[in-house]
Amino acid sequence: MTPPSAAVRLDRAASPLPEKKSAARRAPARSDRPFRGIALILASTVFLGASDVTAKYLSATLPSIEIAWIRFLVFALIMSPAMLPGTPLFALQSSRPGLQAMRGVTLLASSLFFISGLRFLPIAEASATGFVAPLFVTALSIIFLGEKVGLRRWIATAVGLIGVLIILRPGTGAFHPAAFFPLVSALAWACTLIMTRMMSGTERAVTTMTYSSIAGLLILSALVPFVWVTPTWHDIAFGILIGVASTAGQWIVVLAFRYADASVLAPFSYTQLLWVSILGFVIFGEIPDIWTVVGAVFIVASGLYTAHRERVRHLQLSVQAEPSPNA
């Protein structure tokens, strides 16, 4: 299970902001095939939503660490061709292996905290809370990337956090301490995105995914003996489903952002909330309450506006960087 904010989550991770030369090479694909990008992002939300729902199902019988271990084991097996030296698929050559390893740790933390929250929370509530990751990115980008954030983006961030408070309702009888798990998961994912931006233009998507699978598997392999519960074949089958679905969902997002810009795809990424709500009702009998729905509306609105401001900012930067025809 990828953190619930998958669509915004992997836009930067899998399709890093490239250097000008790379951006110019990909620009025609993005502008020429937006409908293909939209179709892919919709498909990715189905895979990622199915992964999250399956993780919640397994959380009733297996510890969160063990579920995450199975997920990263499958992830690493899928990425294993990229770990073989001397082959065309080899992708472990990195100019920033330390940062790649750190990114793998934050990705693991994001997955682990989210799975832990699923044990206690309705899946729609956990997923909606996790969609605040782009808002955390806004704040962290000031510290680590030196970006300037305008008043309107700060207002959008505040609106999103109000949505989180509406869902969690701290100080009331409806509040559950486990509600902090998807919030911490979103923060860890935001750190993952920030590090991805720091490596943008120098690291390939397949390299980043390979390092993430290795880092997660190594750490979880050291932890899982302490919580081990012998899984049934039924558990193993569903664990493999989680690994395949989450990896496929991430990779489909990679492809989607080759054909359309983030501001185009962001509205469709939130359909993941719809899928997890439907599956949560069918499988667990969970019906999102009015507070979860209202809070989700606040979070989605703030996320969409943040994506819009990101597009405006990049357009302004590109115009400023373009030489004058009269120069």
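Ile 278 sits in helix α13; helices here are DSSP runs of H or I with at least four residues, numbered from the N terminus. At 40% relative accessibility, Ile 278 is partly exposed, a class lying between buried (under 20% relative accessible area) and exposed (over 50%), with a 1.4 Å probe and protein chains only. The model is predicted: local features need pLDDT of at least 70, side-chain atom pairs count only at pLDDT 80 or more, and totals for chains, interfaces and linings use all residues. Residues are numbered from 1 along each chain as its sequence is written, and side-chain values use heavy atoms, with hydrogens and water left out.

Ile 278 belongs to a nonpolar surface patch. Patch residues have over 30% relative accessible area and no salt bridge; nonpolar side chains (Val, Leu, Ile, Met, Phe, Trp, Tyr) are joined within 5 Å, like charges within 9 Å. Helices α3 (34-58) and α13 (271-284) each give two or more residues to the patch. The largest share, 6 residues, comes from α13.

A search of the whole structure finds 1 salt bridge, defined as a side-chain nitrogen of Lys or Arg within 4 Å of a carboxyl oxygen of Asp or Glu. The side chains of Glu 286 and Lys 56 form this bridge, at 3.4 Å from N to O. The pair links distant parts of the chain, 230 residues apart. Glu 286 lies in the loop between α13 and α14 (290-321), and Lys 56 in helix α3. Side chains of opposite charge can pair when their charged atoms come close. Glu 286 is buried at 18% relative accessible area. Lys 56 is buried too, at 9%.

Ser 64 lies in helix α4 (residues 64-79). Ser 64 counts as buried because its relative accessible area is 10%. Its side chain makes a polar contact with that of Ser 116 at 3.5 Å; such a contact is a pair of N or O atoms within 3.5 Å, where within protein one must be able to donate a hydrogen and the other to accept it, and residues adjacent in sequence count only if both atoms are side-chain atoms. Beyond four places in sequence, Ser 64 touches Leu 112, Ile 115, Ser 116 and Arg 119 (heavy atoms within 4.5 Å).

Gly 216 is placed in helix α10 (residues 205-223). Its relative accessibility is 0%, so Gly 216 is buried. Gly 216 touches Phe 72 and Leu 108, not counting residues up to four places away in sequence. Gly 216 and Ala 68 are 148 residues apart in sequence, with 8.6 Å between their C-alpha atoms.

Note on methods: Accessible areas come from the Shrake-Rupley method with a 1.4 Å probe; for residues, only the protein chains shown count as cover.
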